[in-house]
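Biologist: Could you take me through how the two chains meet in this model, giving the cut-offs as you go?

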Amino acid sequence: MDVVVSEILQKSESEALKYKSIEVKKHLELEYDLGTLLAVDNNDFESKFLRPDKREDYFLNLARDNTQLLINQLWELPTERVEEAVMVKLPPAKTLLPRMKPVPKPKSLTKWQQFAKDKGIQKKKKAKLSWDQQLQKWIPLYGFKRAQAEKEKNWVLEVPQNADPNEDQFAKKVTARSENVAKNELQRLRNIAKSKNVKVPRVGVTNPDNASSKELQTAVTVAKASTASLGKFQDKLPKEKEARGVADITPGASRKRKLPPVAGHIEKKENLEILDSILNKRPKMNIEQAVAKQIQSTKMDLSDNNHHERSKGGGSKSKNKMGKKPKGGKGQRSGGKNSAGRKRR
Amino acid sequence: MSVLQRVVKPTTHKGKKVLLKKEPQIIEGTKRAIFFKGRKTSEKVRNLLKDLYLIKKPDAQMLNKKNDITIFENPQPVEAFCKKHDSAMFLMGSHSKKRPDNLVVGRTFNYSILDMIELYVENYDGLQEFANDKITVGTKPCLIFNGTLWEQSDELKQLKSIFIDFFHREEVEAVRLQGLEHSISFNATPDGKICLRSYKVLLKKSGVRTPRVELEEIGPRIDFTLRRTKLPSPDLMKDACKKPKELKVGKKKNISTDALGTTHGRIHIGKQEINKIQTRKLKGLKKTMQEKKAAKRKALVESNDGVEKRQRAD
C-alpha cells in the first residue's frame with residue numbers, strides 16, 4: 001500500500017516537474033479587481049531591462065507573470081458548469097467608472113396623478129368594446145370605427161331650448177372638441193413645465209365660457225390694476241375678493257402684509273439687518289450733479305463778487321443779461337445787513 | 001419604464017422607442033466609442049484608429065469624413081457627434097506640424113466632455129504586422145497595469161480610468177474560463193512613455209488545476225507620450241460616478257458572520273401568549289355546556305358594565 005502511494009506521489013511530482021510552474025514571486029502584491037479582470041502591478045520596473053533592445057521581452061515576461069497571477073486568482077473563484085463550459089462567477093467590479101448619463105430621476109407626477117394619489121382614486125379599466133343599443137352593434141372605445149359610429153348616430157342634433165335656431169350645432173360640437181384638445185395639450189405642457197421646474201408665463205383666461213371662478217377673479221383683478229392710475233380709483237363690489245398670486249403683475253394692488261416676527265431674537269436680527277443696511281450704505285454721489293453744483297457755486301461766488309463791484313459802480317442791468325435765471329440765493333447769504341457778526345436765531 | 005418628458009411627442013411607436021432608449025437608464029450597457037479624424041491624419045494614426053476600432057468593434061462607430069475640429073479649443077462638434085451616435089467615448093486622430101501623430105482619447109458625461117487626453121503616438125505596429133492567430137471578436141480582456149507611475153499623477157490616473165473604460169467591455173457576472181484569451185498590458189515607464197501591448201493568452205497544462213499562462217503578442221504595439229490633457233473637476237467626476245440608489249446594496253440587518261465563516265441570524269419573535277396556544281385537543285379539557293354559558297354571561301355583564309360606564313362618563 002505504502003509503495004503504491006509513494007509511487008503515485010513520485011509520478012505526480014515528476015509530472016509537475018515536466019511542466020513550468022504557475023508560481024510568480026513579486027515584491028509587492030498586485031491589486032486585483034476581478035470584476036473587471038484587472039490587475040495593477042505597483043512594483044518598479046527594473047531599469048536595466050528598459051533598454052530598447054530588451055524592452056519587449058521584459059514587457060512580455062512582466063505581462064505573462066501578471067496575467068498568471070490574475071488567472072490564479074480567477075481559478076480560485078467558485079465555478080459552475082453551463083452547457084459544457086466552465087463558468088466562473090465574478091465578484092462585482094471595484095473600479096468606479098463614470099456613467100454615460102446622469103442617474104435617472106424619478107418622474108414627477110402630473111397634477112391629475114397627484115390628485116388621484118391623494119384622493120385614492122384608482123384607474124378603472126374600460127372595456128375595449130361596448131354594445132350600442134341604438135346601432136345594435138359593438139363599437140370600440142376609440143379609433144376610426146368609433147368615429148364612424150358616432151357619425152352614424154349623430155346624423156341629427158337637437159337644438160337646445162333657448163339657443164339661437166340659426167346656430168350650427170354640428171360646428172359648435174366640432175369647436176368644443178378642438179377646444180378640449182387644446183386644453184389637454186396646454187395641461188400636458190404645464191405638467192412638463194412643472195416637472196422641469198420651469199416658469200411659464202400665465203396665459204390669462206383662454207375661454208370665458210369654461211373658465212373657473214378663480215381664473216375670472218384673476219382676470220378682474222388684473223384688469224382693474226391696468227389703468228393709468230394702477231387701479232387706484234376703481235370701485236369695488238360689495239363682497240369682492242382680490243385674486244392671489246398676481247402681485248407681480250398688479251403693481252398697485254395691495255399685498256398681504258407680513259406678520260411681525262414671533263420671537264424676540266428674530267426681531268432683533270431683522271432690526272440689526274436694517275441698521276446694517278443703513279450704516280453700510282455709502283453716500284450716493286451723483287458725480288454729474290456734484291460737478292454741476294460745484295460749477296454753480298463757483299459761478300455764484302464770481303457773480304457775487306461782480307455784483308459787489310457793479311453795485312459799487314451803480315448799474316446792475318448786465319446781470320440779468322447773462323441768461324441764467326436767478327435762483328433765489330439757494331442758501332447763499334446775500335450780503336445784507338446781517339452779513340457780519342454772530343448768527344442769531 | 002418612464003413617461004416621456006418631451007414637449008413634442010414622437011409620432012410613431014418606433015420613434016418613441018428610440019427616444020426612450022436614449023433616456024438615462026439605471027443600468028447602462030457598454031460605453032460605445034466613436035472614431036473620427038481631424039483635419040489631417042498620418043497613415044500611422046489612421047491605422048491605429050482602425051486597429052483600435054477592430055478591438056472595440058461591436059460597440060464602436062467609425063466616422064469616415066475629415067473634420068475641421070480643434071478639440072481643445074472648441075469641443076462642441078465632438079459633443080454633437082457623441083450625442084448623434086449616442087456614444088460616451090471618442091477617439092480622434094490628427095496630424096499637424098505642431099502636433100504630429102496625435103490621438104485624443106476622451107469621454108463624455110451627459111453629452112458634454114468629461115475628460116480628454118491627448119497622446120503622441122511615438123511607435124506603432126499594427127495588428128497586421130503580427131503574424132499570429134488573432135482572438136475572437138468581443139472577448140473580455142484581462143487588463144494589466146504595470147509601473148508605479150499610474151498612481152502618481154492625476155493625468156495618468158485619469159488615463160488609466162479611460163483605458164479601463166475603453167477596453168473592459170461590458171460588466172458581466174460570469175466568464176468562461178477557457179474564454180480568457182486576451183490580455184492587454186499598459187506600462188508606464190519612467191521615461192514618460194506609455195506602452196500598450198496586447199497578447200493572446202495560451203493556457204497550458206501545469207500539473208495542477210490552474211493552468212500555466214503563456215503569452216503571444218498579437219498587436220497592436222503602441223508607445224504613447226502625454227500631450228495636453230483636460231481633467232474633470234472633482235465635482236463633475238463625483239456626479240458622473242454616482243451610483244443609482246436602486247443598485248446600491250443595502251445593509252442586511254440581523255445577519256452576521258463569525259470568524260469561521262458561519263452565518264448567524266437573529267430572529268425577533270412576537271410575544272408568546274401561552275394562554276392562547278392551541279394545545280392538543282382532549283375530550284376531558286373540553287368546556288361543558290354550563291361552563292360555556294357562564295363564560296357567556298360573564299362577558300355580557302362586562303360589556304354592559306362598559307356601556308354604563310361610558311354613559312356615565314358622557
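**The interface between the chains**

Biologist: How many salt bridges are counted between chain A and chain B?
Modeller: A salt bridge here is a side-chain nitrogen of Lys or Arg within 4 Å of a carboxyl oxygen of Asp or Glu. One such pair joins the side chains of Glu214(B) and Lys20(A), at 3.9 Å from N to O. The count between chain A and chain B is six.

Modeller: Please bear in mind that this is a predicted model, in which local features need pLDDT of at least 70 and side-chain atom pairs count only at pLDDT 80 or more, whereas totals for chains, interfaces and linings use all residues. Residues are numbered from 1 along each chain as its sequence is written, chains are lettered from A in the order in which they are written, and side-chain values use heavy atoms, with hydrogens and water left out.

Biologist: What area is buried between chain A and chain B?
Modeller: Buried area is the accessible area (1.4 Å probe) that two parts lose on being put together, summed over both. In chain A, Trp75(A), Arg99(A) and Met100(A) lose the most to chain B, together 14% of what that side buries. Carbon and sulfur atoms give 64% of the total, which is about 6200 Å².

Biologist: Which element gives the largest share of the side of chain A that touches chain B?
Modeller: Contact, meaning heavy atoms within 4.5 Å, takes 55 residues from chain A and 80 residues from chain B. With helices taken as DSSP runs of H or I of at least four residues and strands as runs of E of at least two, numbered from the N terminus, the largest share, 15 residues, comes from α2(A).
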